[in-house]
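Subject: Handover of a structure

Dear colleague,

Please find below the structure that I am handing over to you.

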Amino acid sequence: MENIELTQEYDVNSLTSLEKLEPVRIRPGMYIGSTGSKGLHHCIWEILDNAIDEVTNGYGDKATVVLNKDKSVTIIDNGRGIPTGIHPIKKKSGVEMVFAELHTGGKFNNKNYKTSGGLHGVGAAVVNALSQWLEVEVYQSGNIYKQRFEYAYDKSLKKNMPGTAVTKLEIVGKTDKNGTKVTFLPDKLVFSSIDFKYEIIDERLQELAFQNKGITLELIDNRKEEPIIKQYYSENGLLDFINYLNESKTALHEEPILFQGEKTIGGIDMYGEVCIQFTDSTTDYIASYVNNIPTTESGTHEAGFKTGMTRAFKEWAKKLNLLKDKDKDFEGDDIREGMTAIVRIKVSNPVFEGQTKTKLGNNEAYTMMNELSYVKLCEWIEDNKEIATSIINNALDAAARREKIKKINEAEKKKIGKGAAPLAGKIAVCTLKDATFNEFIVVEGDSAGGSAKQARDRRFQTIMPSKGKIMNTEKQKLENVLASEELKIFNTAIGTGTLDNYKEEDLKYNKIIIMSDADVDGYHIRTLWMTYIYRYMRPLISNGHLYLAQPPLYKVYKKSKNGEISKYAYSDEELNAVKKEIGKGALIQRYKGLGEMNPEQLWDTTLNPETRTLYQVTIDDASKAEKMVSLLMGDVVEPRKNYMYKYAEF
């Protein structure tokens, strides 16, 4: 480490104060989670949340997202428009206060919004701080108001500052519309990429339409020659949503369970709504939301729902004589097996953990959703005893399997304790014991596995050759999955355990890398591994440990007096660029699989951290991931065929 000379003095002159929007620029992760794809798209969500807040509080009926050719994005709503008047104390317009000052907004009390997604008064200002430029147009009182902000010189501070107002709020025209239009260009000095992904925005707008029935959302992509225009509208709200999520599953009851209710606790107004449908899946999925915002880390509303649901089904199991006092009871996980649920709550004063709002903390929400779920599900069970009996019997079967699996796990632990671990001779283990640095690489095929073992850096890279396609764990019973020899090897090597037994602190590797051929079979193998990890070790994905290796498709080379000149291409587009670079007389080798590469080539292209390309697998949108796993790996053929036709090129 470089030697840094530290000053011995620590006094008031040592203190630094960040001005205006500087804190956001210095620590963007505190406000948007990351400076990668997730953080980039979070900027859209912050502005869109404000638009949706207007619509859901009754002040409009449409919001539009426009992706522009210059990589900027525009969000438009037909709400009331951001206040344009001059604040009596600040002597600034409402627009400038909202976009240039942290903790400024109309959502700190409930006078303007009964519920809102934007909460802390920082969303719009954060987006401004992280943009090269941002323009606001407000349509209000017959006028068009406009103001522009840039990363520019601030006269009062005598230095360049983020989110600086370079124009005053001016009237630039007349209109009969109401609403707000925000256009911003993310700063490429902040984000690793400023390319917005159509698919991510498409999924989010679809979710929002399902949650807000009767409103229209629109996505316009102007980045190609022919603009793509798509509208989102839901007549039946959560009923449409659950049909969408379960499209590729077989429902055990045709009509979903739907209930809602309102309650005020401790001065906090809450409205809760739940939609449930049980399917033939072996796992459960819950999509939870607070004020339209996905709570991917759950929270008190989801915990309350689970508790209330378990209480209701346990009570009725005894009433229906399905569970005697002496019988082994089922647990919440057992009753939720195969369940898809959407849990949404609107809270007048939500308490989130962190600005990125992925986990709700209100205890009042727990109390409300617990009671609501218990009362409404008891009523539903009384009216639907036959379906409820089937669900409870499934839970009892799941409980019995859980006990059986527990015994299997205990037996496996005893084997490992006696030195009979299933690893011997199967994998090449790295020598270092530093879990923060080490990599576990699953390689398709024995041939490529052999080359990878020779090519790897044995200090930190562990290689596991995969015989081919592991089982499709999406439709397998849990005991069959745990009995798989190859998955046993993987589980033992990774060290975390699975499902509820998963422990992040026991993880032996920082990166889990799936390395397969760049063909249809390789894609299938990757999907099978991702399905298993998604279902049984999901924190590996949500905590950023799972990666896909990207082997090259082509080697472009040419003989010269000084030896061979060669370059690798990872796509057809890249091939053309590499051919131009190599020049006349370039020869092309098309790799059909990893096994065709010698150890040196495999190291240079796919294993060397300095030169390889890795794709991190993320769960930016949990409902999309859930739907995709079910669609690609489930039994229902028609939706999968439609998807394959749509994305045949991919």
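The notes below describe what was found, taken topic by topic.

The model is predicted, and for that reason local features need pLDDT of at least 70 and side-chain atom pairs count only at pLDDT 80 or more, while totals for chains, interfaces and linings use all residues. Residues are numbered from 1 along each chain as its sequence is written, and side-chain values use heavy atoms, with hydrogens and water left out.

**A helix and its length**

Helices (H or I, at least four residues) and strands (E, at least two) are DSSP runs, numbered from the N terminus. The expected span of a helix is 1.5 Å times one less than its number of residues. Helix α6 covers residues 198–211, and its 14 residues should therefore span 20 Å at 1.5 Å a residue; the end C-alpha atoms are 20 Å apart, which agrees. Of the 14 residues in α6, 13 are buried (buried means under 20% relative accessible area, exposed over 50%, and partly exposed in between, with a 1.4 Å probe and protein chains only).

**Aromatic pairs**

A pair of aromatic rings is described by the distance of the centres and the angle of the planes. Here, rings of Phe, Tyr and Trp (its six-membered ring) pair if their centres lie within 6.5 Å; planes under 30 degrees apart count as stacked, over 60 as edge-to-face and the rest as tilted. Searching the whole structure gives 13 aromatic pairs. One of them joins Phe-184 and Phe-196: the ring centres are 6.5 Å apart and the planes stand at 85°, so this pair is edge-to-face. Because Phe-184 belongs to strand β7 (residues 179–186) and Phe-196 to the loop between β7 and α6, the pair ties together parts that are twelve residues apart in sequence. Phe-184 and Phe-196 are both buried.

A tilted pair is formed by Phe-241 and Tyr-244, with 6.5 Å from centre to centre and 45° between the planes. Both residues lie in helix α7 (residues 238–245), three residues apart, or about one turn of the helix. An α-helix has 3.6 residues a turn, so residues three or four places apart point the same way. Phe-241 and Tyr-244 are also both buried.

One aromatic cluster is made up of Phe-440, Phe-490, Tyr-509, Trp-529, Tyr-532 and Tyr-536.

Side chains of opposite charge can pair when their charged atoms come close. A salt bridge is counted when a side-chain nitrogen of Lys or Arg is within 4 Å of a carboxyl oxygen of Asp or Glu, and the count by this rule is 20. In one of these, the side chains of Glu-135 and Arg-148 meet at 2.8 Å, N to O. That pair links distant parts of the chain, with Glu-135 in strand β3 (residues 131–140) and Arg-148 in strand β4 (residues 143–154), 13 residues apart. Glu-135 has a relative accessible area of 22% and is thus partly exposed. Glu-135 and Arg-148 also belong to a network of salt bridges that includes Lys-146 and Glu-150.

Which residue forms a salt bridge with Glu-371? The partner is Arg-311, with the closest N and O atoms 3.3 Å apart. Glu-371 lies in helix α10 (residues 363–383) and Arg-311 in helix α8 (residues 300–319), so the pair ties together parts that are 60 residues apart in sequence. Glu-371 is partly exposed at 33% relative accessibility, and Arg-311 is partly exposed at 34%.

Arg-401 and Glu-337 form a salt bridge in which the closest N and O atoms are 2.5 Å apart. Arg-401 is in helix α11 (residues 385–417) and Glu-337 in the loop between α9 (332–335) and β14 (339–347), 64 residues apart. Arg-401 counts as buried at 15% relative accessibility, whereas Glu-337 counts as partly exposed at 25%.

Leu-258 is found in strand β10 (residues 257–265) and is partly exposed, with a relative accessible area of 36%. β10 pairs with strand β11 (residues 268–278) in the antiparallel sense over nine bridges (two strands pair if DSSP finds at least two bridges between them). Within β11, Cys-275 stands opposite Leu-258.

A colleague
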